[in-house]
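Colleague: I'm new to this one and would like a close look at a single part of it. Could you pick a helix and walk me through it, then show me what surrounds the other spots you find interesting?

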Amino acid sequence: MASYEMPTVSINETDPDLVIHPLYDLPEKKRETDHLAPMQMTLSARISLITLRAYLILMGGMLLYHVLDLAGLFGHK
Amino acid sequence: MSDEPTYFQNVGSVESIKGRVIRTPWLRHLVTFLLVAGPGLIVMEADNDAGAVSTYVQAGAQYGTHLLWTMLLLLPITYFIQEMVVRLGIATGKGHAAMIYGRFGKWWGRFSLFDLLLLNFLTLVTEFAAIALAVDHMGISPSLGVPVAALGLVVLVLSGGYLRWERITICLCLLDLTWLVLAWLVQPNLRHVVHDSFIPHVPPGGLTNDLVFLVVGIVGTTIAPWQLFFQQSCVADKRLRFKDLKWERLDTFLGAVFTIVVGGCMMLVGNAAKIHGLEFVDPAKLAGDIGGFYGPIVKYAILFMMINSAVLGTTAVSLSSSWAYGEVRGWPHSLQLPIKKAPGFYLVYIFCTLTAAGVVLIPKAPLQLIILSVQVLAGLILPSAIIFLQLLLNDRQVLGEEWINKRWNNVVNWTIIIVLFALSLLLAAQVMVPSLFPTSGP
């Protein structure tokens with residue numbers, strides 16, 4: 001690899017003037033999410049998901065009605 | 001600043017990193033921004049895809065400059081939503097689909113993934129339908145133009161890593177500046193443009209079915225579910241760091257401004273058709289029609305920009321599917337990996353792209369039904385996608401106190417969610433009760 005042939009110096013990542021492309025930088029430690037249990041259902045989370053379910057059921061029902069209506073099932077067409 | 005890049009060796013491993021010491025503050029900031037920028041501009045400008053061209057041009061052709069204010073209103077909304085995605089992507093280093101799966105369980109995970117893949121595939125069909133339409137008006141057979149575009153899109157991601165893909169895609173985004181030239185060439189009334197951009201008002205003709213559909217269409221095409229998945233995965237693939245957050249926010253904001261300006265210019269091009277009393281059928285026909293007034297350069301530029309918009313939309317939408325599917329399946333999923341190391345990731349991209357192109361080439365394929373389905377599904381899915389995003393951004397276990405939404409974030413975002421729900425319900429109500437608003441146009 002070309003980069004190994006270049007002269008190297010000791011790492012000084014604290015140098016505030018050093019600019020490194022994200023893809024060439026050392027991997028950074030991110031927030032740990034792999035071993036977390038599913039989200040705790042707080043009241044607001046629970047209400048949000050119930051509302052979402054109701055919305056999806058309502059919209060799905062409306063869509064089904066519209067498709068059936070277009071197919072002439074209700075005698076409008 | 002030092003002229004030569006300095007190569008540092010990490011003593012703890014064999015991995016080398018290369019960087020550059022820049023002593024001049026403004027230049028250091030500029031270079032850092034340019035290195036980080038990309039995902040924000042791409043996600044925003046790719047959203048000006050074939051569907052957006054059609055919607056914005058139609059808005060201009062039917063209502064002139066009267067709906068420009070909707071674009072300005074959407075600027076902060078689209079930025080706030082994507083900013084949350086950036087924060088989540090940088091903090092976790094993971095894609096959106098993986099986060100929904102991990103935090104909400106398999107049911108919601110599969111629901112979100114299925115919706116995304118279905119909607120994305122239908123969107124891809126519309127992108128290729130636009131390419132077929134544009135090349136047809138250019139005198140090129142769609143059976144030649146569509147496969148060439150599809151193969152070009154496959155080569156784009158297989159051609160050698162994230163950076164090459166990003167650079168080529170940014171060039172395609174910047175090509176959209178042509179819309180500004182087109183808007184200037186059709187000479188809109190500047191006083192009307194400024195007034196209608198900053199003063200929200202109902203166009204002459206009042207609140208009609210067409211107007212409501214169009215406004216909902218403008219909202220739906222400016223904020224799309226795939227954008228959430230795309231930018232988070234893109235940020236993760238580019239390995240943006242915590243210190244890059246402010247630059248990626250700037251990238252996203254500038255991308256939002258760029259896309260809104262370009263979208264507004266598309267409306268101004270449509271406005272030219274209204275001025276000359278031309279009826280809007282589709283953007284390609286409109287290009288031919290207004291070409292009769294402004295010359296063949298304008299006609300071919302509009303057709304070429306239609307293709308460019310569709311190509312941009314296709315690469316971004318296909319990648320959002322590949323990233324999401326790869327994350328959920330636990331496959332290697334990065335543009336940094338060669339096809340041998342991430343075969344599933346690339347195969348999903350290739351399959352989506354080529355199959356969508358193939359559907360368009362089927363004689364008498366129900367393209368109009370597919371376009372309608374995209375609009376309905378997008379309207380249906382967007383509020384749910386944003387609810388997951390909002391809940392994830394309030395998840396202290398994932399983000400901790402530092403990266404979690406602040407109170408003002410939540411107030412803004414819940415307002416956006418309520419507006420989107422209301423618009424979706426309005427659209428549904430209008431579909432159910434077509435006589436809800438008068439049918440006469442402007």
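Modeller: Let's take helix H5 of chain B, residues 96–137: its end C-alpha atoms are only 39 Å apart, while a straight helix of 42 residues would span 62 Å at 1.5 Å a residue. (That expected span is 1.5 Å times one less than the number of residues, and helices here are DSSP runs of H or I with at least four residues, numbered from the N terminus.) H5(B) has a kink of about 145°, centred on B:Gly105; the bend at a residue is the angle between axes fitted to the seven residues ending there and the seven starting there. Just past H5(B) comes B:Gly139, with a positive phi of about 85°.

A word on the source: this is a predicted model, where local features need pLDDT of at least 70 and side-chain atom pairs count only at pLDDT 80 or more, while totals for chains, interfaces and linings use all residues. Residues are numbered from 1 along each chain as its sequence is written, and chains are lettered from A and ligands numbered from 1 in the order in which they are written.

Now for another pair of helices in chain B. H8 (residues 178–185) and H12 (residues 245–275) pack at an angle of about 35°, their axes 8 Å apart; axes are lines fitted to C-alpha atoms over the stretch in contact, and angles run from 0 to 180 degrees between N-to-C directions. On the H8(B) side, the contact is made by B:Trp179, B:Leu180, B:Leu182 and B:Ala183, and on the H12(B) side by B:Val262, B:Cys265, B:Met266, B:Leu268 and B:Val269. (Two residues are in contact if their C-beta atoms, placed from the backbone, lie within 7 Å.)

H12 of chain B also holds B:Arg249. Leaving aside neighbours within four places in sequence, B:Arg249 is in contact with B:Glu83 and B:Val86. B:Arg87 is 162 residues from B:Arg249 in sequence, yet their C-alpha atoms are 8.7 Å apart.

B:Leu335 sits in the loop between helices H14 (296–329) and H15 (343–361) of chain B. It counts as buried because it has 25 C-beta neighbours inside 10 Å. Beyond four places in sequence, B:Leu335 is in contact with B:Val157, B:Gly161, B:Tyr162, B:Trp165 and B:Asp237.

Note on methods: Helices (H or I, at least four residues) and strands (E, at least two) are DSSP runs, numbered from the N terminus. A residue is buried if 20 or more other C-beta atoms lie within 10 Å of its own, exposed if 12 or fewer, and partly exposed in between; C-beta atoms are placed from the backbone.
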